[in-house]
Amino acid sequence: MKILAFNGSPRKTGNTTALIGAVLEGARESGAETAEVRLHDINLKGCMGCLTCRKNPGFCAQKDDLSPFLEEMKTADGLVIGSPIYMYHVTGQMKMLVDRIYSFYITRDDGGYDSALPPGKPFVLITSQGHPEPERFDRTVRWLAGMTAGGLGCKEVGRIVQANSHLEPAGENGGLLDEARRLGRVLAGQNRA
Ligand SMILES: Cc1cc2nc3c(=O)[nH]c(=O)nc-3n(C[C@H](O)[C@H](O)[C@H](O)COP(=O)(O)O)c2cc1C
């Protein structure tokens, strides 16, 4: 049982990091092995637009530190996707991951897409924002869930949209951390035989 997390925040002690950490802690409590990819801290390159993935579906021709983790996305039992909101959207680091995930969308002749991921892989979504209204960036949150996982046939088991982060840091919010740990336990429990 392996849970793989992608963290789009550049901040090592920020809100996204605290919440992803708690999700992974919960997953480990349920016996999972966990790994976190801090996108800011690896040699991460953007999509080259080479479209090699249209001819070789499921594989990204760009080679960098992300490459092995893209492969791990296929075999992981569950995923965690987390990003702060920057300028109404996700961080640039997270957008680079999203573009690379295009390689998992397999173009069909009818114009639709098939997925390079096995169906039903469970995932948890985390976002963090300064704005006090949780719904303020709903379009971005839904876009992130859809592009990274939902659109690939993964199944969302829960999400945390942390609002008002300047006044209420996630790392000091026991209730929110408990909820993140609970989601981690649910995530790790999904694929058990
Ligand atoms: C460049 C930048 C842009 C931001 N844009 C927004 C924004 O559009 N809306 C918002 O509510 N918060 C915005 N924020 C605040 C962050 O979303 C917020 O501080 C978040 O909790 C940071 O997450 P982290 O601690 O995981 O890095 C921005 C912060 C930065 C540094």
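**Exercise 1. Determine whether strand S7 is covered or open, and on which faces**.

Step 1. In this predicted model, local features require pLDDT of at least 70 and side-chain atom pairs count only at pLDDT 80 or more, while totals for chains, interfaces and linings use all residues. Residues are numbered from 1 along each chain as its sequence is written, and side-chain values use heavy atoms, with hydrogens and water left out.

Step 2. Strand S7 spans residues 122-128; strands (E, at least two residues) and helices (H or I, at least four) are DSSP runs numbered from the N terminus. Seven of the seven residues of S7 are buried, where buried means under 20% relative accessible area, exposed over 50%, and partly exposed in between (1.4 Å probe, protein chains only).

Step 3. One side carries Pro122, Val124, Ile126 and Ser128, the other Phe123, Leu125 and Thr127, and all are buried. Both faces of S7 are therefore covered.

**Exercise 2. Identify the strands that pair with S7**.

Step 1. Pairing requires at least two DSSP bridges between two strands. Strand S3 (residues 78-86) pairs with S7 in the parallel sense over six bridges, and Ser83 stands opposite Thr127.

Step 2. Strand S8 (residues 155-162) is also parallel to S7, over seven bridges, with Ser128 opposite Gln162.

**Exercise 3. Describe the lining of the largest pocket**.

Step 1. A pocket is an open set of points on a 1 Å grid over the protein atoms alone, where a 1.4 Å probe fits, with protein on both sides within 12 Å along at least five of seven lines; lining residues have an atom within 4 Å of a point. The largest pocket holds about 170 Å³, a volume being the space filled by probe spheres set on the points.

Step 2. Of its 13 lining residues, Arg11, Asn15, Pro84, Ser128 and Ser165 are closest to the centre. S3 supplies the largest share, three residues.

Step 3. The lining has three nonpolar, nine polar and one charged residues.

**Exercise 4. Explain what the salt bridge between Lys2 and Glu72 ties together**.

Step 1. A salt bridge places a side-chain nitrogen of Lys or Arg within 4 Å of a carboxyl oxygen of Asp or Glu. The structure holds 14 of these; for Lys2 and Glu72 the N to O distance is 3.2 Å.

Step 2. Because Lys2 lies in strand S1 (residues 2-7) and Glu72 in helix H3 (residues 67-75), the pair ties together parts 70 residues apart in sequence.

Step 3. Lys2 is partly exposed at 22% relative accessible area, and Glu72 is partly exposed at 24%.

Technical notes. Ala, Val, Leu, Ile, Met, Phe, Trp, Tyr, Cys and Pro count as nonpolar, Asp, Glu, Lys and Arg as charged, and the others, Gly among them, as polar.
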